[in-house]
Amino acid sequence: MRKILVLFLVLISSAVSFAAQEAKDETVKIKMLHIFIKADVNEVRFENLWVYRRDNAGSDWEVDFEIPETASLEGQKDANSEQNRQIVSKELKADSVIDSVSFTYFIANDRGRCRVCFKANHDIDSMVVYVSGPGTTLKSDLLKFNSYRTLRSRYSGIYTAENIQAGRLVNIELSSLPAGEDMLIEYIAVFSLVLIVLAALITLIVCKLKIKNFKSNKHEACFK
């Protein structure tokens, strides 16, 4: 009876060890995440490239990504990818250790502003965001402006982050995006109003100085 109990415990221990090792072997992380952002007066284009990596090959694996609720997905060109509501999924090759998923979605340009937030299901080693448009600015509590890479690229701004934990919320807020005609008219009106106010202030200051000088000269003439 004791031998049977010992054998049973050994088998359980081996099974647990094997399961743990298998889980470790199937650990998946995001090696690189690249997002290319380009905007027009109507919408903002987010072109995504997610590079996944696992420790060992040999079995089928699948990854998925939930796009933001406010986003609309571009038609898939990859036959192995599919969209289920707001989920992008892809079955990766069983014999691959590294594979990638690429897709593009659009978010409306809201009067020169756009905000996006998402979570990754796996750890991210490195993330790079490329922004087009000389006036576009990006704010994020996670991404930092990379001046070195920006100066050596054709993009107006490159932002980077490293070692992002799975489940961490990534926020990206864009402003000063290309504006439509209505926004341009509004900007021109505001700018014109500012000029009018400045002109009025300058005129008032000049008049006060002239009056002050006139009184000073008149006072001096009385004592001559």
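Reader: In which strand does E62 lie?
Author: E62 lies in strand β3; strands (E, at least two residues) and helices (H or I, at least four) are DSSP runs, numbered from the N terminus. The model is predicted: local features need pLDDT of at least 70, side-chain atom pairs count only at pLDDT 80 or more, and totals for chains, interfaces and linings use all residues. Residues are numbered from 1 along each chain as its sequence is written, and side-chain values use heavy atoms, with hydrogens and water left out.

Reader: Why is E62 called partly exposed?
Author: Its relative accessible area is 48%. Buried means under 20%, exposed over 50%, and partly exposed in between (1.4 Å probe, protein chains only). E62 is therefore partly exposed.

Reader: What makes E162 exposed?
Author: The relative accessible area of E162 is 61%, and the cut-off for exposed is over 50%, so E162 is called exposed.

Reader: Where is E162 found, and which residues is E162 in contact with, leaving aside neighbours within four places in sequence?
Author: E162 is found in strand β12 (residues 157–164). Its partners beyond those neighbours are I124, D125 and S126, where contact means heavy atoms within 4.5 Å.

Reader: How many helices and strands are in the protein chain, and what share of its residues count as buried?
Author: The protein chain has three helices and 13 strands, and 30% of its 224 residues count as buried.
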